2 protein chains.
Amino acid sequence: MLRKLTLLAMVCLIPILLTAQELKSPDGNLLMKFELSDEGIPYYNLNYKGKPVIKPSALGLELMDVASMDAGFEIKEVKEQSVDNSWKPVWGKQSIIRNNYNELSVMLVQPALKGRFIRIRFRLFDDGLGFRYEFPKQPELKYFIIKEELTEFFLAGDHKIFWIPGDYDTNEYPYTTSKISELPEKMEEATIQVAAQSPIENLAVQTPSMMKTADGLYINIHEAALENYSAMNLNVDADNYKMSAHLTPDAIGNKGYLQTDTHSPWRTIVVSDKATDILASNLIVNLNEPTSYQDVSWISPVKYIGVWWEYFVHGGSTWAYGTETNVKMDDDFSKLTPNGRHGATTENVKKYVDFAAMHGFDAVLVEGWNIGWEDWFGNWKEDVFDFVTPYPDFDVEELQKYASAKGVRIMMHHETSGSAANYERRLDRAFQFMADHNYNSVKTGYVGKIIPRGEHHDGQRMVNHYIHVARRAADYGIMINSHEAVRPTGLHRTYPNWIAQESARGTEFEAMGGLHPEHTTILPFTRLMGGPMDYTPGIFQTTYNDGEQRINTTLVKQLAYYVTMYSPLQMAADLPENYDRFPDAFQFIKDVAVDWDESHYLEAEPGDYVTIARKAKGENEWYVGGITDENARTANILFSFLPKGKKFVATIYADGKDASWNENPQSYDIRKVVVDSKSKLNQKLAAGGGVAISIVEGTKENMKGLKRL
Amino acid sequence: MLRKLTLLAMVCLIPILLTAQELKSPDGNLLMKFELSDEGIPYYNLNYKGKPVIKPSALGLELMDVASMDAGFEIKEVKEQSVDNSWKPVWGKQSIIRNNYNELSVMLVQPALKGRFIRIRFRLFDDGLGFRYEFPKQPELKYFIIKEELTEFFLAGDHKIFWIPGDYDTNEYPYTTSKISELPEKMEEATIQVAAQSPIENLAVQTPSMMKTADGLYINIHEAALENYSAMNLNVDADNYKMSAHLTPDAIGNKGYLQTDTHSPWRTIVVSDKATDILASNLIVNLNEPTSYQDVSWISPVKYIGVWWEYFVHGGSTWAYGTETNVKMDDDFSKLTPNGRHGATTENVKKYVDFAAMHGFDAVLVEGWNIGWEDWFGNWKEDVFDFVTPYPDFDVEELQKYASAKGVRIMMHHETSGSAANYERRLDRAFQFMADHNYNSVKTGYVGKIIPRGEHHDGQRMVNHYIHVARRAADYGIMINSHEAVRPTGLHRTYPNWIAQESARGTEFEAMGGLHPEHTTILPFTRLMGGPMDYTPGIFQTTYNDGEQRINTTLVKQLAYYVTMYSPLQMAADLPENYDRFPDAFQFIKDVAVDWDESHYLEAEPGDYVTIARKAKGENEWYVGGITDENARTANILFSFLPKGKKFVATIYADGKDASWNENPQSYDIRKVVVDSKSKLNQKLAAGGGVAISIVEGTKENMKGLKRL
């Protein structure tokens with residue numbers, strides 16, 4: 001699966017003379033400088049085309065009980081190398097990814113501490129910088145505890161920033177756009193109530209942190225390959241525009257337990273003067289390790305529907321079976337009082353299976369199938385779910401037979417209620433149950449405060465938990481879609497069965513107050529930088545309860561999400577009966593690919609709009625998605641991503657002329673035209689609207705009667 | 001397995017009139033009084049034969065976030081019943097246990113809190129009191145968090161007390177004997193350094209707390225059926241002789257997370273004017289639930305040897321295979337540098353298997369068989385052991401074949417290094433590995449600080465962990481012998497495969513500074529009150545390293561332990577070559593039973609001496625063990641426990657005339673005599689010595705030439 005196409009490596013040992021080192025990106029646009037202060041404090045800075053991106057910023061770590069790695073350093077050894085190769089992901093936005101960087105590795109020694117040493121490794125790509133701390137095996141350093149990481153990101157000005165509050169437990173905040181200097185005044189309002197939140201007490205924001213400078217530079221700070229380490233928030237010094245690492249603590253306030261040989265995650269700074277370059281960046285996956293899985297043939301993208309949205313809409317069904325509000329795992333759930341609205345019944349699931357089979361979906365997610373939902377949330381309860389016992393009205397065997405006969409898989413659901421301890425204890429049995437019943441994918445959930453109590457969703461322990469689950473799942477041939485887990489950092493390269501995550505405010509919030517129309521124009525620049533999101537798009541029926549519940553998009557924008565919100569796991573989230581009402585629009589969801597050979601980022605501005613074209617993997621089919629925020633706009637789509645000299649049929653799903661997210665969301669217009677690589681489309685997007693285009697090769701038959709664009 | 005022989009139950013509903021209630025023990029010796037103060041605070045007191053045992057002491061619980069259960073109570077309902085039945089343990093000190101008590105159950109309501117209510121259930125036996133808090137299901141009480149339990153034990157005087165310091169993580173302290181009033185001055189000295197200790201900051205001692213009043217009353221305070229709750233220490237008000245509950249906190253300081261319907265463990269007060277009655281008490285097991293295991297045929301007492309003591313003695317071998325001091329689970333351990341002293345080699349284990357087979361032992365414990373011992377302790381490391389990967393010089397398959405052919409089992413060893421989190425994640429696979437390789441018992445270990453970090457050995461989380469391990473083990477037909485787990489509370493009745501525990505300062509400390517000769521005259525009154533101890537007796541070679549290492553007993557006292565230190569799991573802990581040097585004394589270890597029909601407590605005084613006779617289960621064989629502290633004494637043994645009118649041959653293993661624990665420990669004398677139920681033996685025990693007697697039915701052959709006692 002991984003093929004090294006080219007490898008250019010030069011390793012040179014530089015004499016220990018200088019305290020300053022420079023590194024340039026392959027294209028020369030980025031310049032990174034590393035130096036030690038007089039006190040032996042490591043500093044780095046970063047320029048892009050001569051403009052400062054990061055001003056001189058300190059590096060280091062504060063340790064518990066022993067001397068910190070913060071000062072008194074000398075440079076012992078410097079190594080450089082250049083790498084230019086390519087690799088093929090198991091699935092992804094493109095089928096070949098180039099990995100091209102110049103590397104500087106600096107060995108730093110603390111002579112006063114018996115020569116204790118670390119390395120800082122910098123990798124400078126054309127689209128940004130990655131660096132990490134490395135802690136080699138050595139007599140003076142075996143086990144150590146991190147009190148705090150001291151990495152700084154000293155920004156060059158009062159940038160515009162797209163941010164959510166720093167928090168140890170949740171990413172489900174709406175975004176605020178402001179100047180860095182405005183953060184203090186806006187933090188309180190931004191910190192809305194979210195289930196099981198732990199906002200950081202000092203001024204802090206989460207990563208991926210997307211910024212734009214006054215002179216048009218786009219800067220994105222995040223991390224890559226977060227393993228065996230706590231997730232990083234960013235402290236903000238709003239007066240000086242200086243950010244610094246703020247790791248997630250454990251139950252007793254420590255921030256990481258490490259054993260040499262080991263290293264930190266990569267700290268990443270993606271930079272460009274073009275917003276589309278940020279979206280196109282592969283820096284984060286390039287900094288992750290290739291997978292060690294020997295066989296990946298069982299891992300494949302999935303398009304699914306599910307017993308899910310009906311739990312959110314007014315008058316819908318419930319996860320719980322009984323009316324009782326105090327149940328225990330050992331109770332006999334067949335003795336509960338049925339509430340009459342349970343969603344995951346054998347009968348109801350069969351309807352979904354029928355629909356999936358009829359429309360070519362791979363799988364049907366079923367939430368609420370297992371005992372425990374009567375009081376699953378908010379009690380900090382340890383043993384909520386056992387992951388193997390269905391409700392009395394859900395027949396596992398019968399449904400597996402039924403689905404299997406129709407070529408559909410049931411998708412497992414493991415809500416943990418945040419009780420990772422309970423899930424870990426039962427994981428092998430839960431996965432064995434899945435294997436025994438023909439399940440090959442599971443949506444996991446971590447709603448609620450973490451157990452072991454005092455731990456956080458984003459701390460080292462839980463970071464390791466999610467990876468543990470993914471690795472164990474691989475042993476059983478199971479794919480994972482984790483919700484409420486730590487924000488992704490490109491680990492899907494290493495664990496490709498960890499196929500998607502939520503880790504942001506997703507479609508469910510459209511049913512709980514609504515998402516701002518600009519929300520999904522920001523997510524690709526923030527949440528999606530780390531990996532695919534199970535955003536669960538495709539909501540056609542956009543109002544409920546006499547307009548009390550409203551989805552803040554046009555219907556067409558929901559279609560566009562299948563392209564703009566990249567994921568190898570895509571849900572058609574609405575109720576089957578709503579798709580039945582709009583079969584022509586639904587056709588796009590049926591057609592759209594979930595795995596890609598190429599991606600072309602046509603236009604983008606964070607907070608405003610995103611237009612992307614992608615080529616289906618192994619197919620001569622292209623899909624375009626374009627979205628806008630609350631403002632109507634005209635998308636200028638150049639079809640130059642198409643092969644030259646050929647004709648194609650484009651089906652354009654456009655907002656109706658009278659469409660808007662808040663007044664007339666279900667107005668749309670579908671037309672077919674002939675296009676080629678020279679075609680241009682100026683497509684009007686409604687306020688809160690979008691455009692979706694499917695493109696196939698032109699044939700005599702399918703072009704018959706169609707006009708050229 | 002459980003047979004109710006008789007059941008006399010009377011339930012009577014008493015009109016709600018009085019605030020005071022009285023309860024008498026079946027024999028009338030104990031009188032318990034319950035009343036509410038004017039503030040609605042519950043109080044109880046206890047008298048024995050008219051003497052105060054517990055003066056009026058408050059009851060209640062302090063809760064987090066909601067109003068406490070500490071005052072404002074009214075009595076809503078009172079129920080009484082009397083029970084007299086018997087049951088048969090799977091294994092034990094006797095084959096039938098009588099369960100005879102009078103019960104008072106008081107429903108207490110807090111009218112100011114919407115009628116929130118609890119129950120306090122008192123059970124008064126002839127040998128003491130048990131009571132617990134019960135939290136029934138009710139609209140006003142579903143989930144709650146305990147800040148502290150407020151139970152008091154207000155003692156009537158400045159009693160003599162046998163104590164170890166209150167601690168959340170270890171019971172491995174030596175005992176101090178003092179007046180209650182002397183506790184403050186003696187606490188610092190008593191709190192010696194122990195691995196992974198967390199001494200309580202205020203003045204506190206552990207349970208079982210053994211006391212003796214100035215007028216000769218013996219009082220023992222402990223708890224029974226500790227499940228889903230934190231272990232209790234006792235705060236001590238040394239001026240007023242008042243003790244109160246001090247529960248073990250979790251990582252964030254809370255002391256228990258409960259969901260109704262539920263209850264606390266039983267608080268137990270065993271009382272008598274005879275010390276032997278304390279040892280004979282079955283109050284704690286009677287307060288535990290019968291086992292729910294359907295099949296217990298696979299559970300059986302075990303006599304074993306092991307690759308163990310050689311790790312402790314000077315010049316011995318090591319658990320670790322390599323010389324490296326920084327290893328990870330994923331390392332290739334075959335590439336380590338062998339230290340040349342690894343104990344658990346295939347070759348060495350075969351010698352133990354040969355010895356076990358030759359002398360009729362059931363099993364051979366092998367510690368140090370699995371990878372990870374190079375840096376297993378003291379680093380708060382999470383993934384130390386994987387429980388399934390042997391060292392390169394330990395051949396699991398080969399040894400299983402070898403042992404199986406000789407009728408011997410290998411006993412598994414699962415040291416967790418305190419990382420319960422890691423063990424739980426791997427438990428199913430670890431047990432499956434055992435099942436696949438013919439293991440049916442495992443010694444578990446919890447040396448070190450607990451992971452999840454911040455949790456304690458004795459907190460609710462770990463209490464539940466040990467039970468989880470026992471229950472999962474039962475699913476695989478595995479018996480558990482847990483070391484460094486929370487002190488036992490009679491749960492072996494409910495989980496009879498949890499066959500023994502350590503949870504005290506055991507024989508290993510004889511190799512690490514030595515145990516005081518009185519230590520084992522106290523343990524039966526303290527640690528053993530809760531359940532059997534894997535004390536690992538049988539050390540014949542009592543000095544090492546030119547006397548630097550010394551076991552502080554005579555050889556014969558080690559024999560006596562097989563009777564005085566009750567356990568269904570008994571080790572012959574010394575090296576095979578040391579047994580080969582004393583085959584005549586070793587005969588007692590080979591002969592002695594590990595399961596019993598009857599136990600007779602002949603003489604006892606905590607801190608001074610203990611003499612016990614037991615009848616082997618299903619055999620006409622009796623074994624007597626007597627021990628003394630640092631003072632020589634004469635044990636007065638009456639053989640009235642033998643059936644009348646028959647003759648028996650007693651083999652008496654006595655200290656030599658010149659024996660003593662510190663000067664001449666290996667001097668012993670073995671003689672055979674004829675005894676009957678009228679025989680009396682005045683047997684001299686050396687300082688730090690003992691006596692062991694095996695008794696079989698007399699026949700012409702075996703009595704030939706023997707004298708009557």
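Biologist: How many salt bridges are counted between chain A and chain B?

Modeller: Four salt bridges are counted between chain A and chain B. Please keep in mind as we talk that this is a predicted model.

Biologist: What makes the pair Arg429(B) and Asp428(A) a salt bridge?

Modeller: The side chains of Arg429(B) and Asp428(A) meet at 3.1 Å, N to O. The cut-off is a side-chain nitrogen of Lys or Arg within 4 Å of a carboxyl oxygen of Asp or Glu, so the pair qualifies. In general, side chains of opposite charge can pair when their charged atoms come close.

Biologist: Which residue of chain A also meets Asp428(A) in a salt bridge?

Modeller: That is Arg472(A), at 2.4 Å from N to O. With a limit of 4 Å, this pair therefore also counts as a salt bridge. Arg472(A) sits in helix α7 of chain A and Asp428(A) in helix α6, 44 residues apart, so the pair links distant parts of the chain. Over all chains, the structure holds 68 salt bridges.

Biologist: Which elements of chain A supply residues to the side that touches chain B?

Modeller: β20 (256–259), α6 (420–436) and α7 (460–475) of chain A each supply at least two residues of that side. The largest share, five residues, comes from α6(A).

Biologist: How many residues are in contact between the two chains?

Modeller: 33 residues of chain A are in contact with 32 residues of chain B. There are also 22 residue pairs in polar contact across the interface, both partners at pLDDT 80 or more.

Biologist: What area do chain A and chain B bury between them?

Modeller: About 3000 Å², with 46% of it on carbon and sulfur atoms. Tyr143(A), Asn326(A) and Arg425(A) supply 21% of the area that chain A buries against chain B, more than any other three residues.

Biologist: Why is the relation between the chains that of a two-fold axis?

Modeller: A rotation of 180° with 0.0 Å of shift along its axis superposes chain A on chain B, with an RMSD of 0.0 Å. That is the relation of a two-fold axis. Of the residues of chain A, Arg425(A) comes closest to this axis, at 2.7 Å for its C-alpha.

Biologist: How do you know that the copies meet through the same surface?

Modeller: 97% of the interface residues of chain A are also interface residues in chain B, so the copies meet through the same surface.

Biologist: What confidence does the predictor give to the complex, and to chain A?

Modeller: The complex has an ipTM of 0.94 and a pTM of 0.96. Chain A averages a pLDDT of 96, and 97% of the residues score at least 70. Residues 1–17 of chain A stay under 50, and the model has 43 contacts beyond four places in sequence for them.

Biologist: Which domains does UniProt place on chain A?

Modeller: An unreviewed UniProt entry places "Glycosyl-hydrolase 97 N-terminal" at residues 23–290. The span is 7% helix and 49% strand, and its end C-alpha atoms lie 25 Å apart. UniProt also places "Glycosyl-hydrolase 97 catalytic" at residues 326–504, a span with 32% helix, 14% strand and end C-alpha atoms 30 Å apart. For "Glycosyl-hydrolase 97 C-terminal oligomerisation", UniProt lists residues 595–695. There the chain is 0% helix and 59% strand, with 15 Å between the end C-alpha atoms.

Biologist: Where are the cis peptide bonds that join Thr207(A) to Pro208(A) and Thr260(A) to Asp261(A)?

Modeller: Pro208(A) lies in the loop between β15 (204–206) and β16 (209–212), and omega of its bond with Thr207(A) is about -5°. Asp261(A) has its place in the loop between β20 and β21 (262–263), and omega of its bond with Thr260(A) is about -10°.

Biologist: What is the phi of Ser503(A)?

Modeller: Ser503(A) has a positive phi of about 60°, although it is not a glycine. Ser503(A) is found in the loop between β28 (498–501) and α8 (519–522) of chain A.

Notes. Residues are numbered from 1 along each chain as its sequence is written. Chains are lettered from A and ligands numbered from 1 in the order in which they are written. Side-chain values use heavy atoms; hydrogens and water are left out. UniProt positions are given in the numbering used here, feature names are shortened, and annotations may be inferred rather than shown by experiment. Helices (H or I, at least four residues) and strands (E, at least two) are DSSP runs, numbered from the N terminus. Copies are superposed by least squares on the C-alpha atoms of residues with pLDDT of at least 70 in both. Contact means heavy atoms within 4.5 Å. pLDDT is the predictor's confidence in each residue, from 0 to 100. Buried area is the accessible area (1.4 Å probe) that two parts lose on being put together, summed over both. A polar contact is a pair of N or O atoms within 3.5 Å; within protein, one must be able to donate a hydrogen and the other to accept it, and residues adjacent in sequence count only if both atoms are side-chain atoms.
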